[in-house]
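Hi,

Here is the structure I promised to pass on. Have a look at it first, then read my notes below.

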Amino acid sequence: MLSFTPLLSALLVALVARADIQAGVPYPAPPGFEEFTSPIVQAPLVNGAGDWAQAVEKARKFVKQLTLEEKVNITTGVGSNARCMGNTGEITRLGFRGFCLHDSPLGLRFADFVSVFPAGVTTASTWDRDLIHARGAAMGEEFRGKGVNVALGPATNLARVAAGGRNWEAFSGDPYLSGAALSETIKGIQSKNVIACAKHFIANEQEHFRGGSLSEAYSSNVDDRTLHEVYAWPFAEALHAGVGSVMCSYNRVNQTFACENSKVLNGILKTELNFQGFVTSDWAAMLDGVNSALGGTDMNMPGFRKYGDPADLPNPAQSDNTFWGKYLIEAVNNGSVPVERLDDMVIRPFAAYYKMGQDKNFPKLSFDVITTGDSRPGSSDVTNEHVNVQGNHKKIIREVAAAGTVLLKNVKKALPLSLKKIRRIGVFGSDAGPHPQGPNACTSGMGDHACDEGTLAIGWGSGTTNFPYLVDPLAAITRYVSDGDSGTTVEYQLTDWALDKVQSVASYADVCLVFSNSDSGEGYLTVDGNQGDRNNLTLWNNGDELIKHTASVCGNTVVVIHSVGPVLMEDWIDHENITAVVWAQLPGQESGNSLVDVLFGAVNPSGRLTYTIAKQREDYVADVVYENPGNLQLTYSEKLNIDYRHFDAANIEPRFAFGFGLSYTEFKYTNLKISKSIPKRVDAIAEAAQKPSTAVPQGGDATLWKTAVTVRFSVRNSGAVDGHEVAQVYLGFPASAGEPPKILRGFERTLLKKGQTSTVTVELTKRDISIWDVTKQAWVVPSGKFTVYVGASSRDIRLTGTFTN
């Protein structure tokens, strides 16, 4: 085993007993939680399954020629001296400059001449696979253009708690929608030869007490069925899409730290799903060197043990400021870590490298997170070449942001606005205007966008990047009115607490656009008392009062909200003077332009909610735990019933249902037809799925991904304008299956001209109609009658049908 200094040992003891994978001793559970423990599973070797065969073989040949020190250089980061958020060591003898791993899920962090894309939650709200893929491809172009090997995204937390700080970085509170968005984003990024990194694996659903940097972490206690059907579901989609990297999270899962949890890494990821790529730790997530290596982690990022440690050595194999480095060499030499395991840890990232074609004309690294100038302080070496990678990506940014905007209320066709009918527009709230210190700065001096000043276009934390520019709503509205040459005036009051002044302007406006927001981010930064997770679900900066005071004097009040997640609206949503509510979410750099497109009708809104907006906070099935009694246990007692599933199961009426969103036109559904042909799983494949085998492709049993049920129906645009409809297919399982009342299993966004009818086809795979059998440890299709629900949201079902297995 690796030896630790007395100080480090004291830091690690805390309240959590240690495990010893080498000795076969798992982390113990405290009294009352004995059912939530993680068994030890041996690390399998990569086998070159499916279309990974050639890349794995190339990687094996390359690694075979490396020395022990060179191998360790690839497993261990160089620490705080890195030019990227994470860099491995180099293999100078063979001309390999190391891997660059870099944030974030919405653009390149700490780099210049890059774009800020709409957040994950906004992108998923398009419910459009093509747009999601296009955004991923555009991001991939930018990462490639800067020489980044591994893009640290996309993220796929499942918004188990509505106030979760990083929900906005991910996609949805539904596993199926999250998996679809994750898959398309990965395909887009990797189409540009960049390795995508799906994160955070797994059950990482709140910021408070998440762990990291040698701190205590909560244990997410999840039963086996829930783990497979809910939290691992999107990651299986990621693997099926060919993802090259997965990031293990800070938290514990069933007592064991995720980055040394052999059950989830070796058992689920690398055996059941036959993952061919590599697992990197989250930054300073490790707490034990040998356990992490044997538990399934392949790369230690960024190298140091905790933030605040001295800088590591340029050659990680010699570093003693890490759990690996020279200690990993010792562990291999004394037999604690088998050399075969070390080889596998190096083969896997090189397999991803070859799989993405990075050995063929991949751009060299051209930026440096430590400097915005040409060189680092005190150095004449140019490390930042200011390569402009933005291209014409502003177009896809604007399109995705508009398509992801959700119209929640529209009384008597208050929207779209027409300058021909409006003489005075009033704009209210700081969220409508520019940031007082510029788009990338805070009055407090805090970095990573850790403030809520001006319009909100992204949250805060490591999932951000710097704006090349930010089009605020007031500027875009003013420009649109000016270009319209209609004589319409625009007046505004951006001070959220100046309610008398707001009312003075609002009282004579023909339409009042009142803006507010709600912010959150990563837990290493605290904003207005919110340590990552939101303290409440109300609007920030006096938003509720601003809305109510505006509506009290303005008979045509349109509310625009930029938010990281659901907010409570009961104080004002039914006010007779509030004629429309626009859920603009986190739109990225083209914020104002995308909003103007929707407000004035250039774009017919088709965004749909990717989570439920409740009437009260208590209606959600789970919440952030803000106090830690020590060895915090977060038991997922709701099991399969997260988000809308819980609202359905408990018969709770939401304010706005999952999948909800209005349009400027109307749609009618008819002619439902269902056909089934369930593929059979052959015995050879069934046996192979119990161990890593080339018979099982990355992502698991191939028969699970084949079409089992085809759902067809007609959708007609019965309104007066062209528009997209997002048709959603939900599945009700046989009662004996023990599933939620209905779960999303398909969707399709279709453009229909006014009066046009189109046939929509949604294919359900065998996996979609299966449940995880904890006894058989396999996916099985339950016997009995299934119900197919087709509609415009989880609560707006237009057609139903059945089939029987």
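What pLDDT does the chain average, and what share of the residues score at least 70? The average is 95, and 96% of the residues reach at least 70. In case the term is new, pLDDT is the predictor's confidence in each residue, from 0 to 100.

Residues are numbered from 1 along each chain as its sequence is written, and side-chain values use heavy atoms, with hydrogens and water left out. This is a predicted model, so local features need pLDDT of at least 70 and side-chain atom pairs count only at pLDDT 80 or more, while totals for chains, interfaces and linings use all residues.

Now the sheet. Helices (H or I, at least four residues) and strands (E, at least two) are DSSP runs, numbered from the N terminus. Two strands pair if DSSP finds at least two bridges between them. Here, 6 strands make an open sheet with mixed pairing, in the order β1-β2-β3-β4-β6-β9. At its edges sit β1 (86–87) and β9 (278–281), each pairing on one side only. Inside the order, β3 (residues 150–151) and β4 (residues 195–201) are parallel and share 2 bridges, and A151 has A196 as its bridge partner in β4.

Elsewhere, β10 (residues 406–410) runs antiparallel to β17 (residues 578–583), with 4 bridges between them. K409 stands opposite V581 there. Strand β10 is mostly covered, as 5 of its 5 residues are buried; buried means under 20% relative accessible area, exposed over 50%, and partly exposed in between (1.4 Å probe, protein chains only).

Next, the disulfides (pairs of cysteine sulfur atoms within 2.5 Å). The structure holds 4 of them.

- C248 is joined to C259, S to S 2.1 Å. The torsion about their S-S bond is about 105°, so this disulfide is right-handed. C248 is in strand β6 (residues 245–248) and C259 in the loop between β8 (256–257) and α9, 11 residues apart.
- C442 is joined to C451, S to S 2.1 Å. This link is left-handed, with -80° about the S-S bond, and both cysteines are buried.
- C512 is joined to C554, S to S 2.3 Å. With a torsion of about 105°, it is right-handed. C512 and C554 are both buried.

One residue I liked is N266, in helix α9 (residues 262–272). Its relative accessible area is 0%, so N266 is buried. The N266 side chain reaches the backbone oxygen of L294 at 3.0 Å. Leaving out residues up to four places away in sequence, N266 touches several others, including V41, P44 and G296 (contact means heavy atoms within 4.5 Å).

Finally, the cores. A nonpolar core is a set of buried Ala, Val, Leu, Ile, Met, Phe, Trp, Tyr and Cys residues joined through side-chain atoms within 4.5 Å. The largest has 154 residues, and F350 and F713 touch the most other members. Helix α12 (residues 339–355) gives the most to this core, with 9 residues. Another core, of 41 residues, lies apart from it, with V116 and L586 among its members.

Cheers

Definitions and conventions
Polar contact = N/O pair within 3.5 Å; in protein donor to acceptor, adjacent residues only side chain to side chain.
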